[in-house]
Amino acid sequence: MKKLDLVTFFSVLLLMTSIVCAQRIGEPKIFEGNSERTEMCFAPNRTFNSIVIANLLPGDALPNNNQYRLELSDESGSFDSPIVLDTADGPNNGSSSEQDIEFTNIIIPEGIGGDTYRLRVTTTETSDVSVISDPIPVYYYRNDLRVRLNNVQDITLCNVANFTREIFVEIIETDNNDSAVDPNLFTYKWFDDVFPFGEEIPGETGPSIIVDQNDLDTNGYLGRYAQIDIGTCNSQFSLARSNNIRLTLIDVGEVSIVGGPTFNFCPGGFDVLTSSVTDSRNGYQWFKDDIAIEGAFNSTYTMPVDNFEGEYTLRVTYSEDCTITSPPVTVINDGSSITNPLVDNLIILPDQTLTLEVTTNAPIAPASSTFQWSRDGTPLTGNLPLTDLTVSIDVTNPGEYDITILADDSCDSMLDSTTGIYAPVGIGLTIGVSEDFDCQDETIRLELEEMIGFTLPGSGAPPEIALLVEQYDFFDFEWLIDGQPSGNTTTTLDIDVADTNSIYTLRADLRTGQFTNIISNELSVDPIPNDITIDASSTVLPDNGQVTLTVVQNASFTYEWYVVVDGEEQLIAGESGNTITVSEEGIYFVRISSGICIRDTPTVTIGNPPGVSEVVPNVIYGTGNANWTLPSDYTTADVEIVIYSANGKVDFQKSGGYNEEWPSESASEAKELLYYYIITKNSSVVKKGTITVMR
């Protein structure tokens, strides 16, 4: 028995030795520089520094045309359908010592990702197969992808004690105009703090995560970040990691204007109001007397030199979920102000005299306040005593005009107001439709909307300056219809809606003759007919089919298509023509704009119920047994009928199948003249309107 065991042992040993000898190629191993690696992390447009080396044991030469193939298994480690990652042409010469087979141009195919791949080396001209590698992580990652959370915006909440928020992953393809990539194509790791301090949250692998007040630390703060799960390769691809997202719950009492509630300033001091919150990540808007101050978007606000007294507040926007307004403070001007300054930038017409005027609250005589007018820095007057709160001067030339008031007050205020006056090199005018025009009106009023003075390019002046309305009186006007004089010489023109197939312009001539035959923009007036309806190729949507919806085409109209979902109008993106093809059941309408008015068409219902061809009666007779009869599509068990009286009270309500119960079951006994109805199907509004009860 012992002899038999010994024979068996040597037989197995001999078999194992023959197998090892048959495998002339050793296990392929991954190297980067002189260091052996245990993973392969590949990305396009990124240098792949790893090489794979397998040892070729001593032995006879191989055929000269032999190639070595570096093969990758599937994720389970099977080589039933291996992927060739690279080839090497040698060594094929025989040798008495070991030689290296090197693979240096390795490319990992897109879609590869897992921790249990294996490598092997095979030959093309012989049956040699290397020792198979241990399981190794192999990952392909697209380095043109960016991972973002919450549009890279932190979340700040206020005025809440409890909350639930879902934070979503967004994947952006930077090589394709930042187009979106479906985040559901990847699995993720989520971390419970900001990078690099986060610890992985077990079980969270989807493209979103839910947080609530229980996740906050004692300071009312939490942090999260996510990364696409590419195993051990995550450390090599920082772009697979999202931005940090911080959620903070703050106390609404933290925002105030430092130093309030009152401030006393003198004019010209450039005094500053400061927010108690100065984080640059916040948004700021200062208000004076409840009106937003243009350009005041910082945590501080510097007072203008004049006319600054009033009540100030500051609105701090931490996030779209949290905006806090400070308590008001009062700013008192201990000095004086110019309460009505010069109008900024004026046009002076040929032979025109402009009157410049300011109003001040500086002390007047017998106080010793003075004022002085200047043009282009040269005084036009001396220092004159201020005897009236309103000061004016007549001017006839272009230039920069300035008034300085030295006020006899406790601040010795020096007040200043400046404007530029420019001679035009051209005149323009714009006409339009009166703002109060409605599509229902039978008459359209065209009117002069604005006149512009064009200034000399390169002069430093604004390129266009609006004329004052009183300057319109220096011009003669006439309306042109299709280029022909109409005889109407006012600045308005009334036309009938039925007579609008023309081009309208307005001509202006400066009476002094320098600017003549000034023609306005052309206006083609196209009111929208009130009888436009949608033409449906079918009101029943065929299985896996489409329906075409069409309205009248007019080159002057613009179109926006909508679908009504749960009673809410939703714009159908990208549909701007007079025709649309739909493949889903729904309630559709189109909003048409002609440039002078907007009109919505009646809705059309596609699918079931079949459409607008099903007429709902809007008149019944209250005598006899005449009940409100509906088309069969509105009487099914999934339809609910609600009828309201004119004062908004529910007069009748029925779900589960309507069968002409109204008005016999009317709460008001149908004694009112007008009622309103809403028909819903599966909780979506499909029809609404009025019912008139005739007697």
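Visitor: Which hand does the link of C266 and C411 have about the S-S bond?

Guide: That link is left-handed, with -65° about the S-S bond. C266 sits in the loop between β19 (262-265) and β20 (272-274), and C411 in the loop between β34 (399-406) and β35 (414-422), so the pair ties together parts 145 residues apart in sequence. Strands here are DSSP E runs of at least two residues, and helices H or I runs of at least four, numbered from the N terminus. Bear in mind that this is a predicted model: local features need pLDDT of at least 70, side-chain atom pairs count only at pLDDT 80 or more, and totals for chains, interfaces and linings use all residues. Residues are numbered from 1 along each chain as its sequence is written, and side-chain values use heavy atoms, leaving out hydrogens and water.

Visitor: What makes C266 and C411 a disulfide?

Guide: The S to S distance is 1.9 Å. A disulfide is a pair of cysteine sulfur atoms within 2.5 Å, so this pair qualifies.

Visitor: Why is C266 called partly exposed?

Guide: Buried means under 20% relative accessible area, exposed over 50%, and partly exposed in between (1.4 Å probe, protein chains only). C266 has 32%, so it falls in between.

Visitor: How many disulfides does a search of the whole structure find?

Guide: Three. Another one joins C41 to C233, S to S 2.0 Å, and is left-handed with -85° about the S-S bond. C41 lies in strand β3 (residues 40-42) and C233 in the loop between β17 (221-228) and β18 (245-249), so this pair ties together parts 192 residues apart in sequence. Both C41 and C233 are buried.

Visitor: How do you know that C158 and C322 are joined by a disulfide?

Guide: Their S to S distance is 2.2 Å, so the pair meets the cut-off. The link is right-handed, with 120° about the S-S bond. C158 is in the loop between β12 (155-157) and β13 (164-173), and C322 in strand β25 (residues 322-325), 164 residues apart. C158 has a relative accessible area of 7%, so it is buried, and C322, at 1%, counts as buried too.

Visitor: What do V619, Y621, L673 and M694 form on the surface?

Guide: A nonpolar patch, with about 400 Å² of accessible area together. That area comes from the Shrake-Rupley method with a 1.4 Å probe. Patch residues need over 30% relative accessible area and no salt bridge; nonpolar side chains are joined within 5 Å, like charges within 9 Å. A salt bridge is a Lys or Arg side-chain nitrogen within 4 Å of an Asp or Glu carboxyl oxygen. V619, in strand β53 (residues 619-621), has 38%, so it clears the area cut-off.
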